[in-house]
Amino acid sequence: MKKVVVIVSVLALLGFVLAEIPGVVAGQWTQGPLGLILQPAPAKPGEGAVYRVGAYPLYTSELADGEGKELVMGYCSICHSVTYITMQPPLANWKPTVDKMLKTYGGEKFIPPEAAEKILAYLQAHYTPETRKE
Amino acid sequence: MKGKVDRRHLLKLLGAGGFLLASRPVLAQTSAQAEAALPSFTGPKANPYWNGVHPYAVYPQKLPLLRMTDRPVQLETPRHYFRTVFTPNEAFYVRYHLDEIPNEIDLSQWRLKLEGNFERPVELSLEDLIKKFKPVSIAAVNQCSGNSRSRFQPRVPGGQWGNGAMGNALWTGVRLKDLLDYAGVKPGTVQIQFEGLDRGKGPENLGSGRFIKSLDLDDPVIEETVLAYLMNGEPLPMLNGFPLRLVVPGKFATYWLKHLTWIRALTEEDKNFWMASAYRVPDTPNGSTTPEEWASGKVKTVPIGHFKMPVRSFIIDPDGSYPLVAGLPAKIRGIAFSGHGRVVKVEVSTDDGQTWKPAMLGADYGPYSFRTYEFTWRPERPGTYVLAVRATDEKGNVQPDTGVWNPGGYLWNKIERQEVVVLAAK
């Protein structure tokens with residue numbers, strides 16, 4: 001890390017020295033903060049009458065650490081990844097959403113009431129306008 | 001048939017469009033700087049960005065798109081892919097409700113099944129569909145009901161799309177009407193039901209197990225509906241519904257079933273979850289209500305299929321990520337469409353909607369297609385400007401400058417704005 005900083009500083013200094021025209025800033029570089037996306041290799045698309053795309057990749061978001069996280073990971077992920085939680089805007093009240101999952105979509109078939117309560121408490125503790133961090 | 005474009009004529013237009021596209025200068029800028037990422041979420045205020053704040057990810061047959069959710073998968077199309085009138089297949093957005101979706105399909109076993117109240121229930125292979133029926137083509141916009149949901153105030157739960165849950169394609173396939181005539185709809189049929197291969201792990205009667213939609217047999221859209229096996233001239237990407245997708249011109253994408261495999265003639269109104277409980281909107285002229293009225297429990301709702309997609313327009317360039325220069329021409333351009341029919345006018349404002357000037361419209365690819373527009377603006381004074389764009393369709397519908405509100409986050413069509421900076425050149 002130190003080495004990178006030194007290289008970047010030297011480059012920046014060089015750029016400063018090279019900028020002969022007033023008002024021009026040049027030679028600034030920084031470590032890319034957005035990350036790389038790897039290029040997919042060519043795939044075998046199928047044969048005979050079979051059309052194939054292979055397994056779909058998962059890019060599941062990290063949940064905030066806290067009590068109940070494991071329950072959320074276990075139960076909510078039966079039907080959908082927890083990216084469905086991090087994707088939402090911060091909600092002041094998660095109860096209507098949790099109730100919708102339990103009753104409207106039938107989640108109560110899988111999720112015991114005690115676990116559902118803890119899941120709601122977890123969401124209120126980490127994903128409201130007041131509590132949401134990331 | 002109303003709404004249909006003669007195929008040869010359309011292909012000729014496409015050729016011309018391709019030429020124009022190739023000969024116009026490319027604007028490569030898509031973000032001002034690469035020094036910081038967007039925030040990972042927006043709210044409780046409205047999302048201020050054109051797209052949702054989702055990160056890029058790579059999926060089969062797709063360029064890097066904005067990953068809203070990964071399972072079930074939902075991918076948003078980045079803004080700059082709307083510079084062309086037809087949205088490239090590899091950039092076309094993806095929206096599933098359920099996670100058991102096909103990874104492979106054996107066409108030697110796959111059959112489209114027409115069941116229920118038909119004279120001659122039939123099963124058809126893809127080859128049957130290609131060879132036994134006359135192909136038709138139609139340019140049509142596919143837009144998610146919840147496109148732009150992240151604009152709602154107060155925010156509503158659901159997929160937090162920016163504006164990129166839409167796309168325009170040339171769809172080619174079989175007319176639904178031809179298939180219905182082939183199987184013979186028996187008297188007493190009230191709705192035609194559609195189901196694809198998508199399945200989920202929840203109970204099958206509650207919407208988390210199956211995804212099913214129905215259209216009224218007497219809905220005029222039945223005449224215009226196509227079962228597409230080509231999208232922009234190529235087989236559909238798996239994530240857009242290979243091998244066959246329902247194309248319901250003018251209606252929201254919730255009716256455009258992917259991997260379409262069952263067509264059923266129903267003698268009673270479909271009461272399945274996806275018709276009776278989901279995708280319902282307040283029964284008001286623009287589908288809008290207020291949080292207070294909704295909370296009172298007295299708001300009557302109807303399936304979103306009762307609505308055609310409201311007229312919309314979008315500013316694609318400039319996107320605010322690069323400055324304009326005083327004294328130099330700047331092209332303001334983008335797309336417009338309406339589920340009610342052709343866009344006949346697009347107006348541009350460079351003063352935040354106080355005054356409007358007509359833009360030049362691009363080629364007409366039929367009533368359900370995107371239509372491009374372009375407006376050359378020559379800002380003389382440096383400063384910050386707010387651009388706005390407003391479309392009018394052939395039925396006289398004009399975009400409003402107020403946003404709707406309903407608990408599902410549907411039917412957004414408020415006038416779009418874009419702030420731009422004009423630099424001094426002296």
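This is a predicted model: local features need pLDDT of at least 70, side-chain atom pairs count only at pLDDT 80 or more; totals for chains, interfaces and linings use all residues.
1. The strands concerned, β22(B) and β23 (residues 371-377) of chain B, run antiparallel and are joined by two bridges.

2. As to the division of chain B, the domain assignment gives domain 1 as 89-278 and domain 2 as 312-423. The C-alpha centres of domain 1 of chain B and domain 2 of chain B are 31 Å apart, and the contact between these domains draws 19 residues from domain 1 of chain B and 16 residues from domain 2 of chain B.

3. On the side of domain 1 of chain B that touches domain 2 of chain B, the largest share, four residues, is contributed by strand β8 (residues 136-143) of chain B. Sorted by class, that side of domain 1 of chain B holds seven nonpolar, nine polar and three charged residues.

4. Turning to the contact between the chains, 38 residues of chain A meet 43 residues of chain B. Elements of chain A that each supply at least two residues of the side touching chain B are β2 (50-52), α3 (83-86) and α4 (95-104). The class make-up of this side of chain A is 22 nonpolar, 13 polar and three charged residues.

5. Strand pairing also links the two chains, in that β2(A) and strand β5 (residues 104-106) of chain B pair in the antiparallel sense over three bridges. Within this pairing, A:Y51 has B:I105 of β5(B) as its bridge partner.

6. Which residues have the most contacts inside the largest nonpolar core? They are B:W171, B:L227, B:A228, B:L246 and B:V247, in a core of 112 residues. For one of these, B:V247, the contacts can be listed in detail: leaving aside its neighbours within four places in sequence, B:V247 is in contact with B:I138, B:A140, B:W171, B:T225, B:V226, B:A228 and B:W256.

How values were computed: Residues are numbered from 1 along each chain as its sequence is written. Chains are lettered from A and ligands numbered from 1 in the order in which they are written. Domain bounds come from an automatic or database domain assignment. Two residues are in contact if their C-beta atoms, placed from the backbone, lie within 7 Å. Ala, Val, Leu, Ile, Met, Phe, Trp, Tyr, Cys and Pro count as nonpolar, Asp, Glu, Lys and Arg as charged, and the others, Gly among them, as polar. Two strands pair if DSSP finds at least two bridges between them. A nonpolar core is a set of buried Ala, Val, Leu, Ile, Met, Phe, Trp, Tyr and Cys residues joined through C-beta atoms within 7 Å. A residue is buried if 20 or more other C-beta atoms lie within 10 Å of its own, exposed if 12 or fewer, and partly exposed in between; C-beta atoms are placed from the backbone.
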